[in-house]
Amino acid sequence: MSDVKQNNPAKSLRHRARELAMQGVYEWRLSGKSATLIERGTRDEKSLGRYDTEFFGQLLKGAITQHEALSAQIAPHLDRKLDELSPVEYSVLLLGAYELVHHPEVPYRVVINEAVELAKTFGGSDGHKFVNGVLDKLAAQVRATEVAAK
């Protein structure tokens, strides 16, 4: 995943935080390392460019520590079992679900768009369409009032 441009000035600090959090969740999924250890390693890495460190920590720790509850919320909207998802799809969905549930100050459309961009950047060719569909259904469930007001 290190082939992504590290210092693209066009990226917002929050978008960069989401990228790093997604990579951290991916690392957790594959290695089983703790969120604290992954966060420390990311913060110690000096070549990552600027990012919203507080938001990064919230996303990473929140998605990992609450992965069981978030997975339960995601599962009904999937066309396959959770363990059949690619690690990238799972990581992006987990982060998107966490943000939809725990960051109501971020508009749901922004959460979904950011997740789709992560899936396009790190995932397979059509993974972004899958992520979009799943998070759109989840948003209708967990942010019903906001979605209905669109």
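A crossing of two helices is right-handed if the near helix is turned clockwise from the far one by less than a right angle. That term is needed at both stops of this tour, which goes through a predicted model.

Next, select helix 1 (residues 13-31) together with helix 3 (residues 53-65). Their axes are 8 Å apart and the packing angle is about 30 degrees. Angles under 35 degrees count as roughly parallel, so helix 1 is roughly parallel to helix 3. The two cross in a right-handed sense. To see the contact, show side chains on both helices. Helix 1 contributes Arg-14, Ala-17, Arg-18, Leu-20, Ala-21, Gly-24, Val-25 and Trp-28. From helix 3 come Phe-55, Phe-56, Leu-59, Leu-60, Ala-63 and Ile-64. By class, these contact residues are 11 nonpolar, one polar and two charged.

Now move to helix 6 (residues 108-122) and helix 7 (residues 127-142). Here the axes come within 8 Å and cross at roughly 160 degrees. Angles over 145 degrees count as roughly antiparallel, so helix 6 is roughly antiparallel to helix 7. Helix 6 passes helix 7 in a right-handed crossing.

Which residues of helix 6 meet helix 7? They are Tyr-108, Ile-112, Ala-115, Val-116, Ala-119 and Lys-120. On helix 7, select Gly-127, His-128, Val-131, Asn-132, Leu-135, Asp-136 and Ala-139. Colouring this contact of helix 6 with helix 7 by class gives eight nonpolar, three polar and two charged residues.

Note on methods: Residues numbered from 1 in each chain as written. Predicted model: local features only at pLDDT ≥ 70, side-chain atom pairs only at ≥ 80, totals over all residues. Heavy atoms only, no water. Axes fitted to C-alpha atoms, helices over the stretch in contact; angles between N-to-C directions. Helix = DSSP H or I, 4+ residues; strand = E, 2+ residues; numbered from the N terminus. Parallel < 35°, antiparallel > 145°, perpendicular 65-115°, else oblique. Contact = heavy atoms within 4.5 Å. Nonpolar A, V, L, I, M, F, W, Y, C, P; charged D, E, K, R; others polar.
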